[in-house]
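Q: Hi! Could you walk me through this one while I have it open on my screen?
A: Happy to, ask away.

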Amino acid sequence: MSEQEARQSGGSPEASGVTVSDIQALIRRKEEIEAQIKANYDVLESQKGVGMNEPLVDCEGYPRSDVDLYQVRTARHNIVCLQNDHKAVMKQVEEALHQLHARDKEKQAQDLAEAHREALSLGLGQSQGLSLPQAFAKVNSISPGSPASIAGLQVDDEIVEFGSVNTQNFQSLQNIGSVVQHSEGKPLNVTVIRRGEKHQLRLVPTRWAGKGLLGCNIIPLQR
C-alpha cells in the first residue's frame, strides 16, 4: 500500500515524511469529501426533502411511492460513510500539522544554533546591531500549527522583507495581502529582526485548518 493510500484508509503519515504538500493533499481530500456530502444531501432534498431520518414507509406501513427509495437509501448510506471519512481526514490533518510543526521547530533551533556559531566565528556579534535594516511591520499573533508558525515566525518579529515587499515600497498591509494571495503554495523569502538579530525565513502561504493562508496577525509599524 502506498503512503497516499495509507492516508486515505485512515493511517497517519510518519513524522519524518510529513511535508506541506502532504497537508495540502489532505486538505484537498477533505474538501472533496465535503463536496460529495453536499451532493448527497442535495439528492435527499430533491426527494421531497426526506433528510436522513424521515420514514420511507407510509402510515399503513407500505413503501412510499412519492420518492425514489433506492436513491434515498443510497444517498443516506453515502453520507454516513463520507462523514466517517471526513472525521478520519480531519484527524490526519491535525496530526500532520503537529508533526510538521514539531519537526520544523527542531530544525529551526538547529539552524539558529548554527547561525550563532558562524556569527561568532566571523566576529559579527558586535557589528550586526549597526547595520540592521528598518522594519515596516510586526507580527502581533500566531496560531499554533499555522503556515506562519511552521515557517518559524514568532510574535514580535519585526518584518523588513516579505517577498517583494520591503521598507522602500511598503505602503499598507494590502501590499502583504496581495503578495500572499498571489503566492499560495509557493515559498516566500521573509526577513525579520528578532531580539536585535536578522533572520531569513521561508514561508509558504497555504490553506490549512484555520483561517487565511498564513495564520498570523501582522500590524504596521509607525514610520
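Q: Is R29 buried, partly exposed or exposed, and why?
A: R29 counts as partly exposed because its relative accessibility is 21%. For the cut-offs, buried means under 20% relative accessible area, exposed means over 50%, and partly exposed is in between, with a 1.4 Å probe and protein chains only.

Q: Before we go on, what kind of model is this, and how is it numbered?
A: This is a predicted model, with residues numbered from 1 along each chain as its sequence is written. Local features need pLDDT of at least 70, side-chain atom pairs count only at pLDDT 80 or more, totals for chains, interfaces and linings use all residues, and side-chain values use heavy atoms, with hydrogens and water left out.

Q: Thanks! Back to R29: which side chain does it meet in a salt bridge?
A: That would be E32, at 4.0 Å from N to O. A salt bridge here is a side-chain nitrogen of Lys or Arg within 4 Å of a carboxyl oxygen of Asp or Glu. Both residues lie in helix α2, 3 residues apart, about one turn of the helix. E32 is partly exposed because its relative accessibility is 42%.

Q: Why does that spacing work, in general?
A: An α-helix has 3.6 residues a turn, so residues three or four places apart point the same way.

Q: How far does α2 reach?
A: Helix α2 covers residues 20–46, and its 27 residues reach 39 Å from first C-alpha to last. That is close to the 39 Å expected at 1.5 Å a residue, where the expected span is 1.5 Å times one less than the number of residues. Helices (H or I, at least four residues) and strands (E, at least two) are DSSP runs, numbered from the N terminus.

Q: Which residues of α2 are buried?
A: Among them are I23, L26, I27, I33, I37 and L44, and the list also includes D22 and K30. Just after the helix, K48 takes a positive phi of about 60°.

Q: How many salt bridges does the structure hold?
A: It holds 10. One of them pairs D111 with K107, at 2.9 Å from N to O. These two are separated by about one helical turn, because they are 4 residues apart in helix α3. Salt bridges that share partners also join E54, R64 and D66 into one network.

Q: What about R64 and D66, how do their side chains meet?
A: In a salt bridge, 2.9 Å from N to O. R64 counts as buried because its relative accessibility is 15%, while D66, at 38%, counts as partly exposed.

Q: Changing topic: which way do β4 and β5 pair, parallel or antiparallel?
A: Antiparallel, over 7 bridges, with β5 covering residues 197–203. Two strands pair if DSSP finds at least two bridges between them. β4 and β5 form a hairpin with 2 residues between them, and R195 in the turn has a positive phi of about 50°. The bridge partner of V192 in β5 is H199.

Q: And what else does β4 pair with?
A: Strand β2 (residues 158–162), in the antiparallel sense over 4 bridges. There, E161 stands opposite T191 in β4. Strand β4 (residues 188–194) is mostly covered, with 6 of its 7 residues buried.

Q: Last one: how far apart are A115 and H199?
A: They are 84 residues apart in sequence and 9.3 Å apart in space, C-alpha to C-alpha. A115 is found in helix α3 (residues 69–122), and A115 counts as partly exposed because its relative accessibility is 39%.
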